[in-house]
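Hello,

Here is the structure I promised to send over. Have a look at it first, and my notes come after.

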Amino acid sequence: RPFAPLALLTLQDCAGVQSAFDPSGAEAERINALSWLLILSSVAVLVAVCLITAGALFGSERWRARISGERLVIGGGLVFPILVLSILLSYGFYLMGPGSPARRADGRLRVEVVGERWWWRVTYVDESGRRVESANEIRLPVGRPVGVELTSADVIHSFWVPRLAGKLDMIPGRTNSLTLQATKAGISRGQCAEYCGGAHAFMSFYVIAMPEDQFAAWLEQEAGDAQIPTGADETAGQTLFLSSGCVACHSVRGTEARGTIGPDLTHVGSRHSLAAATLENDVSAFARWIRDGEHVKPENLMPPYDIFTEAELAQLSSYLDQLR
Ligand code: CUA
């Protein structure tokens with residue numbers, strides 16, 4: 001019982017949506033293999049050193065004579081480390097080179113990701129050059145190597161989805177390329193891995209890997225304009241949205257909302273999370289975010305909107321929720 005928290009720390013963290021030890025991408029599988037090799041060899045070396053030290057302290061005269069002097073210096077100080085480090089280094093090089101799976105994206109789909117304080121601007125560019133803008137979530141077709149181009153609009157961020165690949169910095173004025181290849185369908189979590197200011201810890205996102213046909217259908221849906229509201233609440237919510245300043249920062253394609261400062265909201269209701277993976281996406285989360293954003297995600301750059309009544313908040317939430 002008293003060790004339960006410890007067990008949680010050591011074991012539970014190795015599985016799950018954000019674990020490098022639970023890979024679901026080609027690159028991450030190699031990183032996982034290399035990590036385990038390094039961990040196990042380090043443990044083996046540590047055990048060997050402990051045994052030799054114990055032998056030196058408590059062993060018989062004969063044993064102590066065997067491991068003393070020049071033998072220890074040459075064997076343990078030169079030959080052994082050169083041998084072990086060379087083997088590990090060669091294996092690392094092999095994994096990065098000939099042992100690596102297809103590293104080049106096939107060019108049929110490109111995803112541009114721009115790090116912003118403190119969210120992710122995501123644009124899909126398909127074969128025909130069509131650009132589909134979204135935010136805070138990346139969807140990928142399983143099995144296909146997809147080129148991801150990373151840059152930043154303000155400060156240095158770092159793009160890291162441990163289950164898919166290693167991390168790569170997002171630097172203003174520069175584009176870094178990464179290839180993501182999901183090996184199975186499912187959800188993975190990514191996190192900004194470079195301190196970038198106040199809400200850095202809340203700058204996360206989900207990557208959803210889907211079978212090819214489902215992905216194609218999803219991209220068609222995502223490329224389309226926003227659904228026109230039908231219900232009374234949703235319609236009232238849209239009117240509020242378009243008249244309350246939201247449009248200065250946010251876009252909803254198919255309406256007059258064409259702001260580009262904040263995340264595109266055209267299909268925000270269909271996303272897995274809100275506020276860059278800070279809140280689970282449901283109707284009440286929209287109201288919470290609009291009214292209480294500074295508590296939910298301290299220092300985020302959306303101004304607090306406490307101008308709405310409860311009824312208005314509910315209408316706005318219904319409108320945003322049905323944007324699927
Ligand atoms: Cu963006 Cu840390």
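Below is what turned up on the domains, their interface and the aromatic residues.

This is a predicted model, in which local features need pLDDT of at least 70 and side-chain atom pairs count only at pLDDT 80 or more, while totals for chains, interfaces and linings use all residues. Residues are numbered from 1 along each chain as its sequence is written, and side-chain values use heavy atoms, with hydrogens and water left out.

The chain splits into domain 1 (14-96), domain 2 (109-222) and domain 3 (232-321), with bounds from an automatic or database domain assignment. The C-alpha centres of domain 1 and domain 2 are 35 Å apart. Where they meet, 14 residues of domain 1 contact 13 of domain 2 (heavy atoms within 4.5 Å).

Together the two bury about 1,200 Å², 52% of it on carbon and sulfur atoms (accessible area lost on being put together, 1.4 Å probe, summed over both parts). On the domain 1 side, V17, Q18 and S24 lose the most area to domain 2, together 52% of what that side buries.

Now the aromatics. One cluster is formed by W120, F159 and F205 (ring centres within 6.5 Å, using the six-membered ring of Trp). Two charges sit over rings: R117 over W118, 5.8 Å from the ring centre, and K167 over W160, at 4.6 Å (NZ of Lys or CZ of Arg within 6 Å of the ring centre and within 35 degrees of the ring normal).

Best wishes

Notes:
Rings of Phe, Tyr and Trp (its six-membered ring) pair if their centres lie within 6.5 Å; planes under 30 degrees apart count as stacked, over 60 as edge-to-face and the rest as tilted.
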